[in-house]
Amino acid sequence: MRLEGKSLTFRYRKDRKPVLEGITISIESGERLGLAGPSGRGKTTLCRLLAGYETPTSGEVLLDGTPLSARKGPCPVQLLWQNPETAVDPRMRMDRVLAEGGPVAPELLEALGIEPDWLKRWPGELSGGELQRFCLARALGPATKILLCDEMSAMLDYITQAQLWEVLLAEAERRDLGLLVVSHSGKLLERVCTRVITL
Ligand SMILES: Nc1ncnc2c1ncn2[C@@H]1O[C@H](COP(=O)(O)OP(=O)(O)OP(=O)(O)O)[C@@H](O)[C@H]1O
């Protein structure tokens, strides 16, 4: 599978200059593409366009040559945020949050260190790191083919970071997923990516 952003231009407001101008990017199955660039350059905005959360002012987002917006059913492109608190519905217990991405193998939950007792808790009863484990499990639902990781481990301690990356890289390899990894850490990008570009 191939996700392409073609000549993407985007502005948040008509009277402001574009945040992104004529950006072309592509991510293939099995590839781990790193995206670097200074703060405010538009990395998160680009992820939002590629995941279909925003519509480009001009240009298009294609999945195997078909506009992402024209696809039906569960989206094969998933986005993981830096702040899991903003990515879960606070009115749903964690078992329902998890089910939003489709069924998740118990082995994956175990590998991510998700304790069975956490499934009946509300999001507000978990730490940021515990919530991010759920967000990763949910993003790895059966329909996912391309995963966009926007600073997904930036707020975690080193041990949790290492654990999540180990699980994600093994899963990506096993399922031939394509990854876009956004990070300010050159070391992380060097370590996990097959190719790195700068915005
Ligand atoms: N909802 C919004 N409305 C208006 N402007 C926005 C909005 N979200 C982001 N911006 C602006 O768009 C620009 C790009 O922001 P974005 O978050 O995409 O950058 P980034 O490269 O991901 O930054 P960082 O590395 O700090 O996370 C910034 O100037 C930001 O102020």
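A: Let's begin with residue classes: Ala, Val, Leu, Ile, Met, Phe, Trp, Tyr, Cys and Pro count as nonpolar, Asp, Glu, Lys and Arg as charged, and the others, Gly among them, as polar. By that scheme, the lining of the largest pocket has 11 nonpolar, four polar and four charged residues. This is a predicted model, where local features need pLDDT of at least 70 and side-chain atom pairs count only at pLDDT 80 or more, while totals for chains, interfaces and linings use all residues. Residues are numbered from 1 along each chain as its sequence is written, and side-chain values use heavy atoms, with hydrogens and water left out.

Q: What volume does the largest pocket have, and which residues lie nearest its centre?

A: Rolling a probe the size of a water molecule over the atoms shows where empty space is left. On a 1 Å grid over the protein atoms alone, a pocket is an open set of points where a 1.4 Å probe fits, with protein on both sides within 12 Å along at least five of seven lines; lining residues have an atom within 4 Å of a point. Grid points are joined across faces, edges and corners, and a volume is the space filled by probe spheres set on the points. Here the volume is about 470 Å³. Of the 19 lining residues, S153, Q161, A162, W165 and L188 lie nearest the centre.

Q: Which element gives the most to the lining of the largest pocket?

A: Helices (H or I, at least four residues) and strands (E, at least two) are DSSP runs, numbered from the N terminus. α5 gives the most, with six residues; β8 (178-182) and α6 (186-192) each supply at least two.

Q: Is R96 buried or exposed?

A: Buried means under 20% relative accessible area, exposed over 50%, partly exposed in between (1.4 Å probe, protein chains only). R96, in helix α2 (residues 94-99), counts as exposed because its relative accessibility is 52%.
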